[in-house]
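Subject: Handing over the structure

Hello,

As promised, here is the structure I have been looking at. Have a look at it first, and then read on for what I found.

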Amino acid sequence: KGNKLAVGKQTDADCVSTRENASQCGTPVLLENVGEELDSILESVLLKQTFKQGGAICIRIGDSTIEYSKDFRFYVTTKLPNPHYLPETAVKVTLVNFMITPAGLEDQLLGIVVAQERPELEEEKNALILQSAGNKRQLKEIEDKILEVLSSSEGNILEDESAIRVLSSSKVLANEIAEKQQ
């Protein structure tokens, strides 16, 4: 309380403005009950993407460019017992696990033993995690492409040959990805 910690959730209406004010004033922010996916607006804060503008250190949060205080701290907590974040998220943050369950401890110890005893299996697991993240990203791109085709299509979509080609290729690619995931 002495350092005016601002506590909020991703679902709060004033969440972005709270982060903006805190980053300007240099007060810490605690974001509670986060799931395994973080809001994309946090990207610049997590990576500390600061720049100089008019002699002041600034950061871009969403559409706003605001001054950034070097004293600003950002903390995130989750209630998930053993969260598994995507590699893209894990490299942006420092993970500290204060709550360990027997299942979580077992997962961590098994990971350590496998890494020591069978490093090739650990490498294969990491490769599969990266491939899975890539597949999810491709599926998202496919969804976006389909939505773009559907929204830009005029008239009967069944008569639009380019839309049908996009949908067909998207279906084939989505099926390939689904096969890889199994």
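Which helix does S44 lie in? S44 belongs to helix α2. Please keep in mind throughout that this is a predicted model.

Since we have started with S44, let me stay there for a moment. S44 is buried, because its relative accessible area is 9%, and the cut-off for buried is under 20%. Leaving aside residues up to four places away in sequence, S44 touches Q49, I59, R60 and I61.

**The whole chain**

The protein chain has six helices and six strands. Read from the N terminus, the elements follow the order β-α-β-α-β-β-β-β-α-α-α-α. The radius of gyration is 22 Å, well over the 16 Å that the globule rule gives for 182 residues, so the chain is more spread out than a compact globule. Along the principal axes, the C-alpha trace spans about 65 × 50 × 30 Å. Of the 182 residues, 23% are buried. If you take the contacts between residues at least 6 apart in sequence, 57% of them join residues at least 24 apart.

**The parallel sheet**

Next, the strands. As a general point, strands of a sheet pair through backbone hydrogen bonds, either parallel or antiparallel. Here, three strands make an open sheet with parallel pairing, in the order β1-β2-β6. At the edges are β1 (6-9) and β6 (74-76), each of which pairs on one side only. From one strand to the next, the twist averages 20 degrees.

Looking at one pairing in detail, β1 and β2 (residues 29-32) run parallel and are joined by four bridges. K9 stands opposite E32 in β2. Helix α1 (residues 15-25) lies across β1, β2 and β6, and runs at about 155 degrees to β2.

**The hairpin**

There is an antiparallel pairing to see as well: strand β4 (residues 56-61) and strand β5 (residues 64-67) pair in this sense over four bridges. The two form a hairpin with two residues between them. G62, in the turn, has a positive phi of about 65 degrees. I61 has S64 in β5 as its bridge partner.

**Helix α5**

Now find helix α5 (residues 119-152), which has 34 residues. From its first C-alpha to its last, α5 reaches 49 Å, close to the 50 Å expected at 1.5 Å a residue. Which residues of α5 are buried? They are E122, A133, G134, N135, I142 and V149. The cover over the buried residues of α5 includes α3 (87-90), α4 (102-117) and α6 (161-181).

**Salt bridges**

Side chains of opposite charge can pair when their charged atoms come close. The count of salt bridges in this model comes to six, and I picked out some to show you.

- K92 and E43 form a salt bridge, with the closest N and O atoms 2.8 Å apart. This pair links distant parts of the chain: K92 is in the loop between α3 and α4, while E43 is in helix α2 (residues 43-46), 49 residues apart.
- R118 and E120 meet through their side chains in a salt bridge (2.7 Å, N to O). E120 is partly exposed, with a relative accessible area of 43%, and R118 is partly exposed too, at 43%.
- E122 and K125 also meet in a salt bridge (3.7 Å, N to O). E122 counts as buried, at 17% relative accessibility, whereas K125 counts as partly exposed, at 41%.

Why are E122 and K125 separated by about one helical turn? The reason is that they are three residues apart in helix α5. In general, an α-helix has 3.6 residues a turn, so residues three or four places apart point the same way.

That is the tour. Enjoy exploring the model, and do write back with any questions.

Best wishes

Terms used:
Residues numbered from 1 in each chain as written. Predicted model: local features only at pLDDT ≥ 70, side-chain atom pairs only at ≥ 80, totals over all residues. Heavy atoms only, no water. Pairing = 2+ DSSP bridges. Axes fitted to C-alpha atoms, helices over the stretch in contact; angles between N-to-C directions. Contact = heavy atoms within 4.5 Å. Expected span 1.5 Å × (residues − 1). Buried < 20%, exposed > 50% of the residue type's maximum accessible area, 1.4 Å probe, protein only. Salt bridge = Lys/Arg side-chain N within 4 Å of Asp/Glu carboxyl O. Rg over C-alpha atoms; globule rule 2.2 N^0.38 Å.
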